[in-house]
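Hi,

Here is the model I said I'd pass along.

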Amino acid sequence: MLLFTFSIIVILIIIVIALRLWQIIPGRHSSKPLHQRDSSCKTLIFLGSGGHTAEMMTLIKPLNSDLYTPRYYIVAESDTLSESKAKAQDSKAIVYRLPRAREVGQSWTKVPWNMICALVVSIRIILETMPDLILCNGPGSCIPICMAAYLVRILGLRKQRVEIIYIESFARVTSLSLTGKLLYFFVDRFIVQWDELVKKYPKAEYHGILV
């Protein structure tokens, strides 16, 4: 009897979470018009190291520094180069460090534990900064940040949702990256840099080459 009751409770919890996710997940097709912001926007920027960081720094350079402020940057714990690039371009940069899900050459058996650690740190960062906007362009280490943002949505911790914008890499011409495929249905805006991708992925937005 106790096991049956426990099973019913677990099923009800799963149903409630599923319904809540259905309510807050953005639509399959993007219909939200582009708009100009007229008030300050706390912006969380994920720097994924290497080419990802180079593209992201190019993407955010034209942003109005008076509107998209304060700016928080997230880098991997071992990525000192991305942190230095952020501080060189933005003198007011506030940098947070995030554990990688997997370091180069690391055993895959450690990935689940690393992901849990990254998610815990991501939740702390999101709760501490409560950004209005998250900008990310991969790699997979940005997924815990997006998951933490969804936790805020699920729990209704703020009136307005934390908006997530994912910009697919310039290198993805005919297919999405693995990170892009995983986040496609969950981000508010999914931007690609080649119009071929819009034909395959109707939610994607194409505004020309951005980097």
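This is a predicted model: local features need pLDDT of at least 70, side-chain atom pairs count only at pLDDT 80 or more; totals for chains, interfaces and linings use all residues.

Residues are numbered from 1 along each chain as its sequence is written, and side-chain values use heavy atoms, with hydrogens and water left out.

The sheet is open, with seven strands in parallel pairing, ordered β3-β2-β1-β4-β5-β6-β7. Strands here are DSSP E runs of at least two residues, helices are H or I runs of at least four, and both are numbered from the N terminus; two strands pair if DSSP finds at least two bridges between them.

β2 (residues 71-76) joins β3 through five parallel bridges, and Tyr-73 stands opposite Val-95 in β3. Helix α5 (residues 143-155) packs on the sheet, touching β1 (43-46), β2, β3, β4 (133-136) and β5 (163-167), and its direction makes about 155° with that of β5. Contact means heavy atoms within 4.5 Å; axes are lines fitted to C-alpha atoms, for helices over the stretch in contact, with angles running from 0 to 180 degrees between N-to-C directions.

Now β4: Leu-133 and Leu-135 point one way, Ile-134 and Cys-136 the other, and all are buried (under 20% relative accessible area; exposed is over 50%, partly exposed in between, 1.4 Å probe, protein chains only). β4 pairs with β1 over three parallel bridges and with β5 over four. Thr-43 faces Leu-133, and Cys-136 has Tyr-166 of β5 as its bridge partner.

Cheers
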